[in-house]
Amino acid sequence: MSISSKLSRRKFNTLLGAASLSTLATPNIAFGAKPKVVVVGGGAGGATAARYIAKDSNGEIDVTLVEPNKRYYTCFFSNLYLGGFRDFASTGHGYDRLVTEHGINVVHDWAVGVDGAAKTVALGSGASIGYDRLVLSPGIDMKYDSVPGYSVEAQSRVPHGWKSGTQVQIIKAQVEALPEGGTYIMVPPPNPYRCPPGPYERVSMIAHILKQTNPTAKIIVLDPKEKFSKQGLFSEGWEKHYPGMVEWIGSDIHGGILNVDTENMSVETDFDTFEADAMSVIPGQKAGAIAMHAGVTDGDWAPIVPASMQTKADEAIYVLGDASVASAMPKSGFSANSQAKVAANHIRAELTDSRMFEARFANTCWSLIAPNDGVKVGARYQAGAESIESVESFISQTGESDELRRTTYEESESWYEAMTDDLFG
């Protein structure tokens, strides 16, 4: 073989090796392989997105769901566990059917970083996963320092109970252990916040327990807001079912939370210092950490393109649910599920060159005030040029009949079963 032939062969092998290395960092669709979608977060947004992308693409897209927990406990209906209407196990759901029925690769690990240029997600185990499209549905993180005196360390003694898991069990134990005639204080979160679990439904469920076991106990709600959603409905319900038990005090009255003493169980406000036998403090909230690490947030939340749920910072990354700036839509499980279907439709259409449908969104938030006394608020939405806009809304009315309120509660129970089937297959 001539020297020139040997040099040509060596040059070819060098180029081949370089090409092989480049495929690790280059989107798979450029080489005719199955496009890859990574979904981070296995809750209402993430599980829905993973399932619909896999299902509607008929196996043409490789879907990986990254979720550290092997069982997901829903925030929605956690208050009904607290009130004794459900057992805790009934709020937990696994991922087995996403694997067996839809071929989704479920990885139980933490997503700890995103390299948007290389299109990779770093995992806590040290591994990384490449993607063509990335869906982030990380829920919320707590801004503990938003309430003076509150901290990460204090949350086991004064729980917030605002993430799916065991903190709501701590709250239930504290309520059941409240001394006769004792006082329970709740500090609700400022806007915007994840709901459910709704703070005022939670107050209702605590009152429901105390009415049966400790009827002379008192609940004081020290709200950082001057008003709240469905306030007239809750005020009417508390007066009807728990007269004299619930005292709601808005910020225009107490003047602001100055300090929470988690050791001595007291809350200092500009108006007075309130003492309790047990407390729950829900601080301000922000997008889950992985959204921050991905560089797609602007302040506490991630701005999105309304018609697709793509982030405005990176068109290959989508953000769903609580972590997104979804304008008129509240930070609810139903909202996340609805947004996930819009994102899944957009991703499937882009990666498989199939039909893309117009974005449509919906949400309903149910709240239980007392047995068979359910209320609701909701809306339908469309994608505007700059924001998601409400096109039609509804809300329960004060003075409704017992029959209608019972029907509303039964409707919410049916919704939960349908929703969890939609999420987890």
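Tutor: Buried means under 20% relative accessible area, exposed over 50%, and partly exposed in between. Keep in mind that this is a predicted model.

Student: Is Gln167 buried or exposed?

Tutor: Gln167 sits in helix H5, residues 167-176. Its relative accessibility is 15%. The cut-off for burial is under 20%, so Gln167 counts as buried.

Student: Which residues are in contact with Gln167, leaving aside neighbours within four places in sequence?

Tutor: Contact here needs heavy atoms within 4.5 Å. With neighbours within four places in sequence set aside, the contacts of Gln167 are Gln155, Pro159, His160 and Gly161.

Student: Where is Pro188 placed, in terms of strand and helix?

Tutor: Strand E11 covers 183-187 and helix H6 covers 199-213. Pro188 belongs to the loop between strand E11 and helix H6.

Student: What is the relative accessible area of Pro188?

Tutor: Beyond four places in sequence, Pro188 has contacts including Tyr200, Leu222 and Ile282. Pro188 is buried. Its relative accessible area is 1%.

Student: How far apart in space are Pro188 and Val203, C-alpha to C-alpha?

Tutor: In sequence, Pro188 and Val203 are 15 residues apart. In space, their C-alpha to C-alpha distance is 9.8 Å.

Student: Is Cys365 buried or exposed?

Tutor: Cys195 is partly exposed, at 24% relative accessibility. For Cys365, the relative accessible area is 11%. Cys365 is buried.

Student: How many aromatic pairs are there?

Tutor: Rings pair if their centres lie within 6.5 Å. By this rule, the count is 18.

Student: What kind of aromatic pair do Tyr73 and Phe88 form?

Tutor: The ring centres of Tyr73 and Phe88 are 4.6 Å apart, with 10 degrees between the planes. Planes under 30 degrees apart count as stacked. The pair of Tyr73 and Phe88 is therefore stacked.

Student: Which residue lies over the face of Tyr416?

Tutor: Tyr416 is in a cluster linked by ring pairs, with Trp415 and Trp366 among the members. A residue lies over its face, at 4.4 Å from the ring centre. That residue is Arg86.

How values were computed:
Residues numbered from 1 in each chain as written. Predicted model: local features only at pLDDT ≥ 70, side-chain atom pairs only at ≥ 80, totals over all residues. Heavy atoms only, no water. Helix = DSSP H or I, 4+ residues; strand = E, 2+ residues; numbered from the N terminus. Buried < 20%, exposed > 50% of the residue type's maximum accessible area, 1.4 Å probe, protein only. Phe/Tyr/Trp six-rings, centres within 6.5 Å; stacked < 30°, edge-to-face > 60°. Lys NZ or Arg CZ within 6 Å of the ring centre and 35° of its normal.
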